[in-house]
Amino acid sequence: MRIGIDLGGTKTEVIALGDRGETLYRHRLPTPRDDYQGTLNTIATLVNEAEKATGMTGSVGVGIPGTLSPLSHHVKNANSVWLNDQPLDNDLSALLQRPVRLANDANCLAVSEAVGGAGLDVVFAIIIGTGCGAGIALNGRAHAGRNGIAGEWGHNPLPWQNEQERQFAQTVPCYCGQSGCIETLFPAPVSLPTIAMSRAMPVTGKPLFHWRVREIAPQNKHCNAMSNVWPNPLHT
Ligand SMILES: [Zn+2]
């Protein structure tokens with residue numbers, strides 16, 4: 001049995017797959033924000049649940065935001081910033097008492113599409129969730145590059161910004177230190193990255209539609225700024 005974990009910024013999900021790729025178990029829990037030990041415990045809980053439900057032991061792989069630094073082997077470039085600089089693979093291996101393999105979640109998506117989805121030789125896969133990332137798969141394998149995130153595009157500037165988007169970028173800088181990043185301006189389950197940055201309200205992972213952003217706006221200056229730049233590249 002293979003156990004996969006999708007470690008997201010707002011939710012963490014486990015899937016247990018049988019030898020033929022069939023789904024044996026699936027469940028998700030909220031990701032404890034800003035709580036590294038809590039995140040470890042959540043992953044361990046999900047793995048234990050999956051093994052208890054199936055009565056089997058499995059290998060474990062985790063798709064993470066960011067990647068492991070080739071130099072330090074600690075997490076880097078994660079928008080779930082409490083993971084950064086942590087030896088996540090070693091800590092999970094110790095907790096679960098088995099080798100645990102980590103890979104960038106967008107790279108995992110790209111490979112998944114290349115192998116079981118689109119089935120194409122070249123895949124550029126985009127994740128728009130709590131953050132906004134992307135990965136590349138070539139001939140069914142992740143094109144990771146020297147830093148493990150060759151397909152990453154979330155921290156490139158959003159092209160063809162209009163005046164409102166430029167104003168928003170100046171008002172709400174990205175956590176990476178730049179401004180105008182796609183990650184902060186791409187509003188699908190919109191403004192979640194922005195709201196997460198503000199830490200002023202719980203992040204539920206539910207899509208935020210325009211009316212909801214306007215409802216929240218008076219409570220939150222970042223939401224207020226976001227509500228003023230609607231509509232943007234993606235419409236819901
Ligand atoms: Zn950025």
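A residue counts as buried if 20 or more other C-beta atoms lie within 10 Å of its own, exposed if 12 or fewer, and partly exposed in between, with C-beta atoms placed from the backbone. The model is predicted: local features need pLDDT of at least 70, side-chain atom pairs count only at pLDDT 80 or more, and totals for chains, interfaces and linings use all residues. Residues are numbered from 1 along each chain as its sequence is written. Helices (H or I, at least four residues) and strands (E, at least two) are DSSP runs, numbered from the N terminus.

**Stop 1: L68**

Select L68, in strand β5 (residues 67-68). L68 is buried because 21 other C-beta atoms lie within 10 Å. Now show its contacts (C-beta atoms, placed from the backbone, within 7 Å). Leaving aside residues up to four places away in sequence, L68 touches H73, H74, V75, D89, L102 and G148. Draw a C-alpha distance from L68 to L102: it is 7.8 Å, for a pair 34 residues apart along the chain.

**Stop 2: strand β1**

Select residues 2-7, which are β1. In a regular strand, side chains alternate between the two faces of the sheet. On β1, I3, I5 and L7 make up the covered face. R2, G4 and D6 make up the uncovered one.

Strands pair if DSSP finds at least two bridges between them. β2 (residues 11-17) runs antiparallel to β1, joined by 6 bridges. The two form a hairpin with 3 residues between them. Pick I5 and find its bridge partner in β2, V14. β4 runs parallel to β1, with 5 bridges. Here I3 has V60 as its bridge partner.

**Stop 3: helix α3**

Select residues 105-116, the 12 residues of α3. The helix reaches 16 Å from first C-alpha to last, close to the 16 Å expected (1.5 Å times one less than its number of residues). Colour its buried residues: D105, A106, N107, C108, L109, A110, V111 and A114. They pack against several strands, including β1, β4 (59-64) and β7 (100-104).

**Stop 4: α1 against α2**

Which residues of α1 meet α2? Select L40, I43, A44 and V47 in α1, then D91, L92, L95 and L96 in α2. Helix α1 (residues 36-54) and helix α2 (residues 88-96) pack at about 45°, their axes 10 Å apart. Axes are lines fitted to C-alpha atoms, for helices over the stretch in contact, and angles run from 0 to 180 degrees between N-to-C directions. The two helices are therefore oblique to each other (under 35 degrees is roughly parallel, over 145 roughly antiparallel, 65 to 115 roughly perpendicular, the rest oblique).

Notes
Two residues are in contact if their C-beta atoms, placed from the backbone, lie within 7 Å.
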